[in-house]
Amino acid sequence: MPLPLRPVLRCFALSTLIIAMLGQIGLADDASTRGLDIAARSDQSDNGFGDTETELKMILTNAAGESTTRELRITTLERANADIGDRSLVIFDRPRDIKGTALLSHSKILEPDDQWLFLPALKRTKRISSANKSGPFVGSEFAFEDITGQELNKYEYKWLREDACGEFMCDVLERIPRYENSGYTRQEAWYDQTHFQVRKIDYFDRKSALLKTQTFEDYRLYDGKYWRSHEFSVTNHQTGKGTKLIFSDYKFAVGLDDKDFVKGVLARQR
């Protein structure tokens, strides 16, 4: 006796739905794996640099187009263990009202980064709490969490699409911060397919609205293997403000070690 048509159709529809759902899961897994592979390739391209120092200018622009310039320097110490983030020290030299201000960062993976800000006018060092990582760094469009190292395991990844980025083709990845108290629900990052470097990042705020865009330009190759962008530009789409960083040449293997990145060095900066 033939089966009634309606139950057969129901079974067929259910089977089709299950197959479609499994297919979507498979596509999502493929996109996550592809995204992680691309991000890891970029991360690995910079392994082994050791330590660096550079000088730079920070140009702040308000919504009316007026700008001010600051001069600063950054030193960075690479940590060989992938489960421990890099360390960095930012010191402002000019103008006089900000001279001596310094930020020490010990980047971590899933735990909040350790950060201390020295304010010379108050002659004291302030610890940046985990709840304040999304706040602006000394009036710029960079948040405190942007200043620390962008370690691979700080994010979950998903490949979204291919897209042109200037003279290159890029893989566009979604990056979801894995650490608590991030000011971003997600990011979209453009990784070029030629040198595997980040060319642009869109940042989405806690309401999932586009907050700002950062671009990375003027890449230069050091020692035949380490790429460094010499111009960062951030545009805040919600306020109309912007910040640009223009870097001098980088120096590698300058002899830095852990003792150059302890809290006590902040008050000694000149």
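Reader: Before we start, what does contact mean here?
Author: Contact means heavy atoms within 4.5 Å. The model is a predicted one.

Reader: Fine. Which residues is leucine 77 in contact with, leaving aside its neighbours within four places in sequence?
Author: Gly50, Asp51, Asp86, Arg87, Leu256, Asp257, Asp258 and Phe261.

Reader: And where does leucine 77 lie?
Author: Leucine 77 is in strand 2, which covers residues 67-77.

Reader: Buried or exposed?
Author: Leucine 77 is buried, because its relative accessible area is 8% and the cut-off for buried is under 20%.

Reader: How are leucine 77 and threonine 52 separated?
Author: They are 25 residues apart along the chain, and 6.8 Å separates their C-alpha atoms.

Reader: Step back a bit. How many helices and strands does the protein chain have?
Author: There are 2 helices and 14 strands in the protein chain.

Reader: What share of the residues is buried?
Author: Of the 270 residues in the protein chain, 43% are buried.

Reader: And what about contacts between residues 24 or more positions apart?
Author: Taking the contacts with a separation of 6 or more, 45% are between residues 24 or more positions apart.

Reader: What does the surface come to?
Author: The protein chain exposes about 14,900 Å², and 53% of that comes from carbon and sulfur atoms.

Reader: Change of topic. How many disulfides are in the whole structure?
Author: A search of the whole structure gives 1 disulfide. The partners are cysteine 165 and cysteine 170, with their sulfur atoms 1.8 Å apart.

Reader: Left-handed or right-handed?
Author: The link of cysteine 165 and cysteine 170 is right-handed, with 75 degrees about the S-S bond.

Reader: Are those cysteines buried or exposed?
Author: Cysteine 165 counts as buried because its relative accessibility is 13%. Cysteine 170 has 0% relative accessibility, so cysteine 170 counts as buried too.

Reader: Now lysine 158. Which strand is that in?
Author: Lysine 158 is in strand 7, residues 155-165. Lysine 158 is partly exposed, with a relative accessible area of 33%.

Reader: What does lysine 158 touch, not counting residues up to four places away in sequence?
Author: Lysine 158 touches Ala31, Ser32, Gly35, Val172, Leu173 and Glu174.

Reader: Why does glutamate 174 count as buried?
Author: Glutamate 174 has a relative accessible area of 15%, and buried means under 20%.

Reader: What else is glutamate 174 in contact with, besides neighbours within four places in sequence?
Author: Besides Lys158, glutamate 174 is in contact with Glu156, Tyr157, Leu160, Arg186 and Gln187.

Reader: And alanine 189, which strand?
Author: Alanine 189 is in strand 9. Alanine 189 counts as buried, at 0% relative accessibility.

Reader: Which residues is alanine 189 in contact with, leaving out neighbours within four places in sequence?
Author: Asp171, Val172, Leu173, Arg175, Lys200 and Ile201. Tyrosine 157 is 32 residues away from alanine 189 in sequence and 9.9 Å away in space, C-alpha to C-alpha.

Reader: Now the backbone. Where is the cis peptide bond?
Author: The cis bond joins arginine 94 and proline 95, with omega about 0 degrees. Proline 95 is in the loop between strand 3 (87-94) and strand 4 (102-106).

Reader: Why mention that?
Author: Most peptide bonds are trans, and most residues other than glycine have a negative phi.

Reader: Which residues have a positive phi, then?
Author: Valine 138 is one of them, with phi about 40 degrees. Phenylalanine 196 also has a positive phi, near 70 degrees.

Reader: Where do valine 138 and phenylalanine 196 lie?
Author: Valine 138 is in the loop between strand 6 (124-127) and helix 2 (144-147). Phenylalanine 196 is in the loop between strand 9 (186-192) and strand 10 (198-204).

Reader: Buried or partly exposed?
Author: Valine 138 is buried, with a relative accessible area of 18%. Phenylalanine 196 counts as partly exposed at 27% relative accessibility.

Reader: Last one, the second largest pocket. What lines the pocket?
Author: The second largest pocket has 14 lining residues, and Ser134, Pro136, Ala143, Leu211 and Lys212 lie nearest its centre. By class, the lining has 5 nonpolar, 5 polar and 4 charged residues. The space in the second largest pocket is about 260 Å³.

Methods. Residues numbered from 1 in each chain as written. Predicted model: local features only at pLDDT ≥ 70, side-chain atom pairs only at ≥ 80, totals over all residues. Heavy atoms only, no water. Helix = DSSP H or I, 4+ residues; strand = E, 2+ residues; numbered from the N terminus. Buried < 20%, exposed > 50% of the residue type's maximum accessible area, 1.4 Å probe, protein only. Areas by Shrake-Rupley, 256 points an atom, 1.4 Å probe, with all protein chains shown as cover. Disulfide = S-S within 2.5 Å. 1 Å grid on protein atoms, 1.4 Å probe; cavity = no way out; pocket = protein on both sides within 12 Å on 5 of 7 lines; lining within 4 Å. Points joined across faces, edges and corners; volume = space filled by probe spheres on them. Nonpolar A, V, L, I, M, F, W, Y, C, P; charged D, E, K, R; others polar.
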